[in-house]
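Here's a quick briefing to read with the model open beside you.

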Amino acid sequence: MAAAASTSMAATAVLIHRLPTKTTANCFALPCLPHRFSTPAFSTSLKHLPETRRSSLLQVKASSSDETSAVDANELITELKEKWDAVENKSTVLVYGGGAIVGIWLASTVVGAVNSVPLLPKILELVGLGYTGWFVYRYLLFKSSRKELAEDIEGLKKKIAGTE
(Lines give C-alpha, C1' and ligand atoms only; values in the text may rest on other atoms or scores of the structure.)
Protein backbone atom coordinates (compact mmCIF):
# COMPACT_ATOMS: atom_id res chain seq x y z
CA MET A 1 0.00 0.00 0.00
CA ALA A 2 2.84 2.36 0.86
CA ALA A 3 4.57 1.51 -2.40
CA ALA A 4 1.41 2.34 -4.31
CA ALA A 5 1.06 5.63 -2.45
CA SER A 6 4.67 6.61 -3.13
CA THR A 7 4.29 5.67 -6.80
CA SER A 8 1.13 7.71 -6.98
CA MET A 9 2.88 10.68 -5.34
CA ALA A 10 5.80 10.38 -7.74
CA ALA A 11 3.39 10.37 -10.66
CA THR A 12 1.65 13.44 -9.19
CA ALA A 13 4.94 15.20 -8.78
CA VAL A 14 5.85 14.52 -12.38
CA LEU A 15 2.47 15.78 -13.56
CA ILE A 16 2.68 18.93 -11.46
CA HIS A 17 6.01 19.88 -12.98
CA ARG A 18 4.63 19.48 -16.49
CA LEU A 19 1.59 21.68 -15.95
CA PRO A 20 1.93 25.21 -17.31
CA THR A 21 2.41 27.82 -14.62
CA LYS A 22 0.90 30.70 -16.55
CA THR A 23 -2.68 30.71 -17.72
CA THR A 24 -3.93 32.86 -20.54
CA ALA A 25 -7.35 34.42 -20.84
CA ASN A 26 -8.56 31.58 -23.10
CA CYS A 27 -7.31 28.70 -20.91
CA PHE A 28 -8.83 27.67 -17.63
CA ALA A 29 -7.02 25.51 -15.14
CA LEU A 30 -9.02 22.50 -14.03
CA PRO A 31 -8.81 21.46 -10.39
CA CYS A 32 -6.80 18.33 -9.73
CA LEU A 33 -8.86 15.33 -8.74
CA PRO A 34 -7.71 13.18 -5.85
CA HIS A 35 -6.14 9.89 -6.84
CA ARG A 36 -8.31 6.87 -6.47
CA PHE A 37 -6.68 3.67 -5.41
CA SER A 38 -8.46 0.83 -7.14
CA THR A 39 -8.48 -2.02 -4.68
CA PRO A 40 -10.82 -4.88 -5.38
CA ALA A 41 -13.35 -5.88 -2.76
CA PHE A 42 -11.60 -9.22 -2.39
CA SER A 43 -8.39 -7.68 -1.08
CA THR A 44 -10.23 -5.42 1.35
CA SER A 45 -12.19 -8.36 2.72
CA LEU A 46 -8.92 -10.25 3.19
CA LYS A 47 -7.53 -7.50 5.45
CA HIS A 48 -9.89 -8.49 8.24
CA LEU A 49 -8.84 -12.15 8.25
CA PRO A 50 -5.87 -13.53 10.15
CA GLU A 51 -2.76 -14.34 8.10
CA THR A 52 -3.19 -18.12 8.26
CA ARG A 53 -6.78 -17.91 7.06
CA ARG A 54 -5.76 -15.55 4.23
CA SER A 55 -3.12 -17.92 2.92
CA SER A 56 -5.50 -20.87 3.05
CA LEU A 57 -8.03 -18.93 0.97
CA LEU A 58 -5.48 -18.24 -1.72
CA GLN A 59 -4.09 -21.76 -2.02
CA VAL A 60 -5.26 -23.93 -4.87
CA LYS A 61 -4.83 -27.64 -4.60
CA ALA A 62 -5.03 -30.02 -7.52
CA SER A 63 -5.85 -33.62 -6.89
CA SER A 64 -6.71 -36.63 -8.94
CA SER A 65 -9.13 -39.31 -7.98
CA ASP A 66 -9.38 -42.89 -9.11
CA GLU A 67 -13.07 -42.40 -9.87
CA THR A 68 -12.39 -40.39 -13.01
CA SER A 69 -11.58 -42.64 -15.93
CA ALA A 70 -8.72 -41.38 -18.02
CA VAL A 71 -8.95 -42.13 -21.74
CA ASP A 72 -5.93 -44.05 -22.89
CA ALA A 73 -4.63 -42.76 -26.21
CA ASN A 74 -3.66 -46.22 -27.41
CA GLU A 75 -7.18 -47.55 -26.77
CA LEU A 76 -8.69 -44.62 -28.62
CA ILE A 77 -6.43 -45.10 -31.64
CA THR A 78 -7.15 -48.84 -31.64
CA GLU A 79 -10.92 -48.22 -31.60
CA LEU A 80 -10.65 -45.68 -34.43
CA LYS A 81 -8.60 -48.13 -36.53
CA GLU A 82 -11.18 -50.87 -35.95
CA LYS A 83 -14.04 -48.58 -36.97
CA TRP A 84 -12.15 -47.39 -40.05
CA ASP A 85 -11.42 -50.98 -41.07
CA ALA A 86 -15.13 -51.82 -40.65
CA VAL A 87 -16.13 -49.11 -43.15
CA GLU A 88 -16.87 -50.63 -46.55
CA ASN A 89 -16.89 -47.49 -48.73
CA LYS A 90 -13.87 -45.52 -47.57
CA SER A 91 -13.89 -43.29 -50.64
CA THR A 92 -17.50 -42.26 -49.94
CA VAL A 93 -16.62 -41.32 -46.36
CA LEU A 94 -13.69 -39.24 -47.60
CA VAL A 95 -15.88 -37.50 -50.19
CA TYR A 96 -18.54 -36.72 -47.58
CA GLY A 97 -15.87 -35.46 -45.15
CA GLY A 98 -14.32 -33.23 -47.83
CA GLY A 99 -17.78 -32.00 -48.79
CA ALA A 100 -18.50 -31.14 -45.16
CA ILE A 101 -15.28 -29.13 -44.89
CA VAL A 102 -16.05 -27.26 -48.13
CA GLY A 103 -19.62 -26.65 -46.91
CA ILE A 104 -18.39 -25.18 -43.62
CA TRP A 105 -15.93 -22.94 -45.47
CA LEU A 106 -18.65 -21.79 -47.87
CA ALA A 107 -21.08 -21.11 -45.01
CA SER A 108 -18.48 -19.03 -43.16
CA THR A 109 -17.85 -17.04 -46.34
CA VAL A 110 -21.57 -16.37 -46.81
CA VAL A 111 -21.99 -15.35 -43.16
CA GLY A 112 -19.02 -12.99 -43.48
CA ALA A 113 -20.54 -11.42 -46.59
CA VAL A 114 -23.93 -11.02 -44.90
CA ASN A 115 -22.31 -9.44 -41.84
CA SER A 116 -20.60 -6.85 -44.00
CA VAL A 117 -23.93 -5.55 -45.38
CA PRO A 118 -25.20 -2.71 -43.17
CA LEU A 119 -28.44 -3.34 -41.28
CA LEU A 120 -28.91 -6.86 -42.71
CA PRO A 121 -27.51 -8.72 -39.67
CA LYS A 122 -29.92 -6.88 -37.35
CA ILE A 123 -32.87 -7.66 -39.62
CA LEU A 124 -31.87 -11.33 -39.68
CA GLU A 125 -31.60 -11.31 -35.88
CA LEU A 126 -35.16 -9.99 -35.68
CA VAL A 127 -36.34 -12.68 -38.09
CA GLY A 128 -34.62 -15.32 -35.97
CA LEU A 129 -36.16 -13.99 -32.77
CA GLY A 130 -39.58 -13.94 -34.40
CA TYR A 131 -39.24 -17.51 -35.62
CA THR A 132 -38.01 -18.63 -32.20
CA GLY A 133 -41.02 -17.01 -30.55
CA TRP A 134 -43.38 -18.66 -33.04
CA PHE A 135 -41.72 -22.07 -32.53
CA VAL A 136 -41.99 -21.82 -28.75
CA TYR A 137 -45.65 -20.80 -28.99
CA ARG A 138 -46.49 -23.44 -31.60
CA TYR A 139 -44.61 -26.46 -30.24
CA LEU A 140 -43.36 -25.96 -26.68
CA LEU A 141 -45.99 -24.16 -24.61
CA PHE A 142 -48.76 -26.76 -24.55
CA LYS A 143 -48.58 -30.46 -23.77
CA SER A 144 -50.52 -31.54 -26.87
CA SER A 145 -48.24 -29.55 -29.17
CA ARG A 146 -45.12 -31.00 -27.48
CA LYS A 147 -46.54 -34.47 -28.11
CA GLU A 148 -47.14 -33.52 -31.76
CA LEU A 149 -43.54 -32.29 -32.07
CA ALA A 150 -42.21 -35.56 -30.61
CA GLU A 151 -44.30 -37.54 -33.12
CA ASP A 152 -43.02 -35.37 -35.99
CA ILE A 153 -39.42 -35.93 -34.88
CA GLU A 154 -39.95 -39.71 -34.65
CA GLY A 155 -41.52 -39.71 -38.13
CA LEU A 156 -38.55 -37.76 -39.49
CA LYS A 157 -36.12 -40.22 -37.87
CA LYS A 158 -37.91 -43.13 -39.49
CA LYS A 159 -37.91 -41.37 -42.83
CA ILE A 160 -34.17 -40.69 -42.64
CA ALA A 161 -33.35 -44.21 -41.47
CA GLY A 162 -35.50 -45.67 -44.26
CA THR A 163 -37.66 -47.78 -41.97
CA GLU A 164 -40.90 -46.06 -43.01
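Arg138 counts as partly exposed, at 30% relative accessibility; that label covers everything between buried (under 20% relative accessible area) and exposed (over 50%), using a 1.4 Å probe and protein chains only. Keep in mind that this is a predicted model: local features need pLDDT of at least 70, side-chain atom pairs count only at pLDDT 80 or more, and totals for chains, interfaces and linings use all residues. Residues are numbered from 1 along each chain as its sequence is written, and side-chain values use heavy atoms, with hydrogens and water left out.

**Salt bridges**

- Arg138 pairs with Glu148 through a salt bridge at 2.9 Å, N to O; the term means a side-chain nitrogen of Lys or Arg within 4 Å of a carboxyl oxygen of Asp or Glu.
- Since Arg138 sits in helix α6 and Glu148 in helix α7 (residues 143–161), this pair ties together parts that are 10 residues apart in sequence.
- Glu148 is partly exposed too, with a relative accessible area of 30%.
- The structure holds 2 salt bridges, and Lys157 with Glu154 is one of them, with the closest N and O atoms 3.5 Å apart.
- Lys157 and Glu154 are 3 residues apart in helix α7, so about one helical turn separates them.
- Glu154 counts as partly exposed at 40% relative accessibility.

**Overall fold**

- You get 7 helices and 0 strands here, where helices (H or I, at least four residues) and strands (E, at least two) are DSSP runs numbered from the N terminus.
- Along the sequence, the pattern reads α-α-α-α-α-α-α.
- Among contacts (heavy atoms within 4.5 Å) with a separation of 6 or more, 13% come from residues 24 or more positions apart.
- The protein exposes about 15300 Å², and carbon and sulfur atoms supply 66% of that; accessible areas come from the Shrake-Rupley method with a 1.4 Å probe, and for residues only the protein chains shown count as cover.

**Surface patches**

- Patches are built from residues with over 30% relative accessible area and no salt bridge, joining like charges within 9 Å and nonpolar side chains (Val, Leu, Ile, Met, Phe, Trp, Tyr) within 5 Å.
- A negative patch on the surface brings together Asp72, Glu75, Glu79, Glu82 and Asp85; Asp and Glu count as negative, Lys and Arg as positive, and His and the chain ends are not counted.
- For placing a charge, the atom is NZ of Lys, CZ of Arg, CG of Asp or CD of Glu.
- Glu82 belongs to helix α4 (residues 73–86) and counts as exposed, at 53% relative accessibility.
- Val117, Leu119, Leu120, Ile123, Leu124 and Val127 make up a nonpolar surface patch, with about 510 Å² of accessible area together.
- Val117 falls in the loop between α5 (90–116) and α6 (120–140), and is partly exposed with a relative accessible area of 37%.

- Leu119 has a phi near 70°, a positive value in a residue other than glycine.
- Most residues other than glycine have a negative phi.
- Leu119 lies in the loop between α5 and α6, and counts as exposed at 63% relative accessibility.
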